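Colleague: I would like to learn how to read a model like this one. Could you take me through it, feature by feature?

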Amino acid sequence: MAKVTIDGIEVEVPNGATVLQACEAAGKEIPRFCYHERLSVAGNCRMCLVEVEKAPKPVASCAYPVADGMKVFTDSALVRNARRNVMEFLLINHPLDCPICDQGGECDLQDQATAYGGQGGRYREQKRAVKDKYLGPLVKTIMTRCIQCTRCVRFATEVAGVPELGATGRGEDMQIGTYVEKALTTELSGNLIDICPVGALTSRPYAFVSRPWELRKTDSVDVLDAVGAAIRVDTRGPEVLRILPRINEEVNEEWMADRGRFSFDGLKRRRLDRPWIRVEGKLKPASWQEAFAVIAERLKGIPGQRLGAVAGDLVDAESAFALRELMVGLGSANLDCRQDGAAIDVSRRDYYLFNSGIAGIDEADALLLIGTNPRKEAPVLNARIRKRWSSGALKVASIGPAGLDLTYKAEHLGEGPDALATLRDGGHAFAEVLKGAKRPMIVLGRAAVARPDGAAILAAAWALAESVGALRPEWHGFNMLHLFGGQVGALDAGFVPGEGGLDLAGMLGGGVDALWLLGADGFEPGLIPPGTFVIYQGHHGDRAAARADVILPGAAYTEKDGTYVNTEGRVQRGRMALHPPGEAREDWRIIRAAGAALGVSLAFDTLDALRARMAAANPVFGMVDGRIAEGCHDTAGPRLAEGAAPEATSFTLPITDYWQADAISRASETMAECSRIYNDATPKLAAE
């Protein structure tokens, strides 16, 4: 540790820390543009100049290491004058277009120009102008505003792992862009907007829409993948105008995936805003009383064992638990939340969680991916893997489709389950890497257990984790990567077949006469037998709604208070940012009212009462903003039928179109445009 004196305040900082970090430890705010704590140091904006005793001139604090006994002055006359001069140079070519800039009100340059700007510019020559660059359908560029901090270049290369941005020219002629103009091929491009300190990179869907002071800001959770990134939903009136990430070091750091960030326009399209009932083969609008009367009439006389319910991938835990209570009250054990048919053993929670934790990736030194592509399934988690790999402390291998661009080097071991047996028997060199690792991780994709031999794959992956020493009291290296934010919560809520109950395949095979679909759009509705009475409860008129006999309009995740559990088992709360459209209501309220119409007494009338019931049934739901982080104390594997064994077929990936993987993104015009651009066989260039 080095002792440093900052403006008379003595602090201790680790050896190798920078002067800027020491100043922050002392509570001193240092202006900066190019420096970002999650990127490499560039030291090119010079705004962070400070005075160091005995130094001949001001030094860039972001790149200057501390020394024991150093004395630093952050607000001397020399420092103030140096920062004013730097600011004057930065503003020489910057356009005076703050009134029309989408960064206005949130601009670092505005803030620091107010603090360190002079009495006016002395530059009278012609300002430079730079042609705007095409970076795709999500990021808008106004490159005349660029101050060449290179944050975007470093983010694309170091975090996103897509080194497509760079600088051409030098000095005043330097320009940032792609060498050949094309859409950026990353699922994290929206973060470029956040890290740009000026208005050079802004959101294309949000362009000229509103000002930040007009927006109502609500903290929530992203449910469009299973990472559960902390987000902020910005609304004006009855409309979501943008979604931004919040800092959560344990989950998403400060990054967010593009689908969750930009698909918000899908929240106002193809919405279900009133109940519908099918009359003589056609759907017609109805009142809530009429819809519940039809449900009560049609379910009358149907025994409980002929009723079934399916929960979707985006449902909140409260809704899943409430529907489970309703079905139990009706005498049904036919419940399933695994629309993909995943053979998940729910007898133990660590059989289906990302047990190492997302932050545990930072400690891992060997990683095996089985039947998963985290770049498409969880882009933020993939960026964390890349960060650990970039440090040189992580070796990665994969079993699954060949040729995946994971943004980091991964040794390909095979395309099917045979490679699992080879690894367990020590027939591959990577087996020794796993055994020699202090903290090995095995990540099993959800699609890998959604095969006919899924139970055998799950058991084989667990057995491999045990054989390489990944299951220890101090470290749990077995992990399952889920796809959407509602999947783990539904499992924790017990939305799986009860004793003698049918799973989804059994229900679709004619095992039920009535089927309640709670936001269930993840399977082909054409598989439902023709005579089955279908109740669809959800927020979008997606594919399953067209098959329904009764439609009950629910609320999207931005329109209700809900509990979600991410892939690592962390319980998080989303909050209502705006009210559902029309006559739509929160899902648990709909289920409570349906219970009253069906004569089923449910033991909750308020959200707090429902959450108390959930916590009593499963204490996990009482640990809001937390997770049970512990090692593996019982290495007994998942249950497996006698004689079951993995098949020789290759693994396939669950998400074929990242941009339209759920009901909300399928309704989004922005995501549809992304799908057209990125799924085209030919690169999308600016001229097109």
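Modeller: Start with the surface. This is a predicted model. The chain exposes about 27,600 Å², and carbon and sulfur atoms supply 51% of that area.

Colleague: What share of the residues of the chain counts as buried?

Modeller: Burial is judged by relative accessible area, with under 20% as the cut-off. By that test, 58% of the 688 residues are buried.

Colleague: How does the radius of gyration compare with that of a compact globule?

Modeller: Set the value against the expectation for the chain length. For 688 residues, a compact globule would come out near 26 Å. The chain has 28 Å, so the two agree. The C-alpha trace spans about 90 × 60 × 50 Å along its principal axes.

Colleague: Which secondary structure does the chain hold, and in what numbers?

Modeller: Count 19 helices and 28 strands. Then look at the contacts. Among those with a separation of 6 or more, 70% join residues 24 or more positions apart.

Colleague: And the charges: how many side chains are positive and how many negative?

Modeller: There are 79 positive and 89 negative side chains. Compare the centres of the two sets as well; they lie 4 Å apart.

Colleague: Now a single residue. Where is glycine 190 found?

Modeller: In the loop between β8 (175-177) and α5 (191-195). Is it buried or exposed? Glycine 190 has a relative accessible area of 0%, so it is buried.

Colleague: Which residues does glycine 190 touch, beyond those up to four places away in sequence?

Modeller: Asp258, Arg261 and Phe262. For a distance check, take glycine 416. Glycine 190 and glycine 416 are 226 residues apart in sequence, and their C-alpha atoms are 34 Å apart in space.

Terms used. Residues numbered from 1 in each chain as written. Predicted model: local features only at pLDDT ≥ 70, side-chain atom pairs only at ≥ 80, totals over all residues. Heavy atoms only, no water. Helix = DSSP H or I, 4+ residues; strand = E, 2+ residues; numbered from the N terminus. Rg over C-alpha atoms; globule rule 2.2 N^0.38 Å. Buried < 20%, exposed > 50% of the residue type's maximum accessible area, 1.4 Å probe, protein only. Contact = heavy atoms within 4.5 Å. Areas by Shrake-Rupley, 256 points an atom, 1.4 Å probe, with all protein chains shown as cover. Lys, Arg positive; Asp, Glu negative; His and termini not counted. Charge placed at Lys NZ, Arg CZ, Asp CG, Glu CD.
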